[in-house]
Amino acid sequence: MVSRRAQQLTANPPPIAVAHFQAEARPYDPVRDPDGYLNLGTAENRLLWDVLEPRLAGPRPVQASDIRYALAYGTAGFRAAVAGFLSRSRAVPVAADDLVVVSGATAALDIAASALCDPGDFIVVPAPYYSAFDTDLCGRSGCRLLDPEAIARTVRSARRDGAVVRALAFTSPYNPVGHVYRPDELRALLAVAAELDLDVIADELYAHSTLDGHTFTGLLDVAGDGSERIHTVWGFAKDLGLPGLKAGVLHTLDPRVRSVARELAYFAPLSSDTQALLEWLLTDVEWTGRLLDCSRVRLQRSYAHVSHRLRTHGIPHIPAAAGFSVWADLRAGLAEPSFAAEDSLRADLFDRARVNILPGAIFGSPEPGWFRICHTTEPAIVSEAVERIAAVVSSAGRGRR
Ligand SMILES: Cc1ncc(COP(=O)(O)O)c(C=O)c1O
């Protein structure tokens, strides 16, 4: 018999993870397994292995301390290396002492939320803003995905109903839509958070994964006085193409949150050996710089490819400024404008076309029919998947007429 708490905690496994493991259990191969799954549901950058492999497979210094217990919240050397790396892309330098290292950005988010909230408290998370779905508007103007006024209205109304709202959490670059917040948008957000007395959790996991013509600005870079209420998450999963190493950091200037986070890191520490490996990688500033440059070039090429394939098949999508995915409009494939129809399209794509892409419902999309398509994998896989998506969407469309 398992405990009620365990049952509660495991009752709703993240749909992203469920679909990922199902698809990865039987990957598509044109020769060995043409009935396998084309997985465009997982935001992994699979385009960097040829650059990473020689480095990871080559010799590296190993010390006894790499296999011993280390500080749960990260060795001094590793935190200094991460601080140096993050400082190079930010206006405000990051200090090693303000970092709490844990096993992945997921754990960093969990710790930030646990440090700030009691059970039953709320964190307000903006869903993709409705007007962002208007492709023309978004494509030309870089639409507002996060309306600070809407946040203020939501929080005030929740508080009137007795809810304790502690924080606002958002991602920039914005997963799944691919927007990068401009400094003026970030300032507007901080002003509302200050007015509403909210902490802000900023997930900046894709900070270095911007596309041509777009620049990332860290929330702390525009913060000024309110910095203690900002808790930033970053990790190695996206920008450095190392998701399986599960390395993440929480940055906070609030001494109480930091102290609690250091203690909570006890439950999700990153292995000493992985810290040593990543410290060794990061301290080679030239190599890290080359990796990031190469990643941006390939990311841009991959985005151009998926974008072209989607356009060729008449599938609209929001132009992306960063990240590994596009937010695609598959409303033409819905039997009716409902989330039930969206889920049925998802199931058709998965079971019939053997394509794994994630439906908007799991991102809290306000409108059914939008899907996140991750493209940072072999171009041939992307082409094949888009062709199958287009076939399912158009056959569903024909069925309705
Ligand atoms: C915005 C965002 N935050 C956090 C995570 C989880 O990162 P990690 O694998 O380091 O736990 C992901 C992974 O997809 C992500 O996209």
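Which residue in β12 does Val326 stand opposite? In this predicted model, Val326 faces Ile373 of β12, and the two strands concerned, β9 (residues 325-329) and β12 (residues 370-374), pair in the antiparallel sense over five bridges. They belong to an open sheet of four strands with antiparallel pairing, whose order is β8-β9-β12-β11; β8 (317-318) and β11 (358-359) are the edge strands, each pairing on one side only. Helix α12 (residues 339-352) lies across β11 and β12, and runs at about 35° to β12.

A further antiparallel pairing joins β2 to β7, and within it Val100 has Leu250 of β7 as its bridge partner. In a regular strand the side chains alternate between the two faces of the sheet. Both faces of β2 (residues 99-102) are covered, with Leu99 and Val101 buried on one side and Val100 and Val102 buried on the other.

| Strand | Partner strand | Bridges |
|---|---|---|
| β2 | β7 (residues 248-252) | four |
| β9 (residues 325-329) | β12 (residues 370-374) | five |

Leu250 and Ile373 are both among the residues with the most contacts inside the largest nonpolar core, which has 54 residues, and Leu330 and Leu349 are also in that group. Helix α13 (residues 379-400) gives the most to this core, contributing eight residues. Leaving aside neighbours within four places in sequence, Leu330 is in contact with residues including Leu345, Leu349, Ile357, Phe371 and Ile389. A second, separate core has 31 residues, among them Val155, Tyr181, Ile230 and Phe363.

Note on methods:
Residues numbered from 1 in each chain as written. Predicted model: local features only at pLDDT ≥ 70, side-chain atom pairs only at ≥ 80, totals over all residues. Heavy atoms only, no water. Buried < 20%, exposed > 50% of the residue type's maximum accessible area, 1.4 Å probe, protein only. Pairing = 2+ DSSP bridges. Contact = heavy atoms within 4.5 Å. Axes fitted to C-alpha atoms, helices over the stretch in contact; angles between N-to-C directions. Core = buried A, V, L, I, M, F, W, Y, C linked by side-chain atoms within 4.5 Å.
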